[in-house]
Amino acid sequence: DNSVVVSFNANGGSTSTISKTVNYKAAYGELPTPTRSGYKFDGWYTSATGGTVVSSTTIVTNSSAHTLYAHWSDIEAPVCTFGSFDKESLTLGETTNIKLTCTDNVGVITTSLTSNSFTISNSNAISISNITSASITNGVEYTITVTGGSVTGDSTISLNAGSVKDAAGNGNAAITSASMSTVADQAPPEISFSPNGSSTYSRSQ
């Protein structure tokens, strides 16, 4: 009897076909296509890691029952979300924080960001003065400190695409925060006169 039982190990995924009978020294024939969320199926192999790829036209050279293992490539990019600003508006030099949370199915490897990782819609209204990070489950939480500028107006912060990556090199999609308002000092100078006729100029803070 040339019949050989071949089992299929989805290796983290799922497959509706767990085994099939093939003939020794004949082609494997049709093979199942497993699925796994966030991953691309790379084919069936003779080992869970490494091994030799097996396709429908591969000739069966193992006369004993054996197992084929699915191999996968991670294709799921990190997902990032902004929280809310701790303050609704800022004055010149005043600071506030906003959280940026990034998670991934296999974890985030980007543990630090710089101001170049972001785009500010109105850089005269706010600026990024500090960024810290802390590890969380399957990801990283960044704390971004924003400082109010010299121009009154609204501004947003956008995380640039590809700034946060996972181990497979997949990068995040660009996202934008809620709007932050800056109220600059717009009061006119105050002029006061002394009894001797000299004048003094001052601005409100």
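N11 sits in the loop between β1 (3-9) and β2 (19-23). Strands here, and helices, are DSSP runs numbered from the N terminus (helices H or I, at least four residues; strands E, at least two). N11 is not a glycine, yet its phi is positive, at about 55°. Most residues other than glycine have a negative phi. N11 is partly exposed, with a relative accessible area of 28%. The cut-offs are under 20% relative accessible area for buried and over 50% for exposed, with partly exposed in between (1.4 Å probe, protein chains only).

This is a predicted model, in which local features need pLDDT of at least 70 and side-chain atom pairs count only at pLDDT 80 or more, while totals for chains, interfaces and linings use all residues. Residues are numbered from 1 along each chain as its sequence is written, and side-chain values use heavy atoms, with hydrogens and water left out.

**The chain overall**

The chain has 17 strands and 0 helices. It holds 205 residues, of which 33% count as buried. Contacts (heavy atoms within 4.5 Å) reach across the sequence. Among those between residues at least 6 apart in the chain, 61% join residues at least 24 apart.

Strands of a sheet pair through backbone hydrogen bonds, either parallel or antiparallel. Here, two strands pair if DSSP finds at least two bridges between them. Strand β3 (residues 39-45) runs antiparallel to β4, and 2 bridges join them. Y45 has V53 as its bridge partner in β4.

H66 belongs to strand β5 (residues 66-74). H66 counts as buried, at 13% relative accessibility. Its side chain makes a polar contact with the side chain of Y28, at 2.8 Å. A polar contact is a pair of N or O atoms within 3.5 Å; within protein, one must be able to donate a hydrogen and the other to accept it, and residues adjacent in sequence count only if both atoms are side-chain atoms. Leaving aside residues up to four places away in sequence, H66 touches V4, V5, V6, S7, Y28 and V60.

**The four-strand sheet**

A second topic is the open sheet of 4 strands, ordered β6-β8-β11-β10, with antiparallel pairing. β6 and β10 (126-136) stand at the edges with a single partner strand each, so one side of each is left without a neighbour in the sheet. From one strand to the next, the twist averages 20°. Axes for such angles are lines fitted to C-alpha atoms, for helices over the stretch in contact, and angles run from 0 to 180 degrees between N-to-C directions.

β10 pairs with strand β11 (residues 139-148) in the antiparallel sense, over 10 bridges. S133 has Y142 as its bridge partner in β11. I126 stands opposite G148 in β11. The hairpin of β10 and β11 has 2 residues between the strands, and N138 takes a positive phi near 60° there. N138 is partly exposed, with a relative accessible area of 42%.

**The disulfide**

How many disulfides does a search of the whole structure find? The search finds 1. It joins C80 to C102, with an S to S distance of 2.2 Å. The criterion is a pair of cysteine sulfur atoms within 2.5 Å. The link of C80 and C102 is right-handed, with 115° about the S-S bond. C80 lies in strand β6 (residues 79-82) and C102 in strand β8 (residues 95-103), so the pair, 22 residues apart, links distant parts of the chain. C80 and C102 are both buried.

**Accessibility of selected residues**

| Residue | Relative accessible area | Class |
|---|---|---|
| C80 | 8% | buried |
| C102 | 0% | buried |
| H66 | 13% | buried |
| N11 | 28% | partly exposed |
| N138 | 42% | partly exposed |
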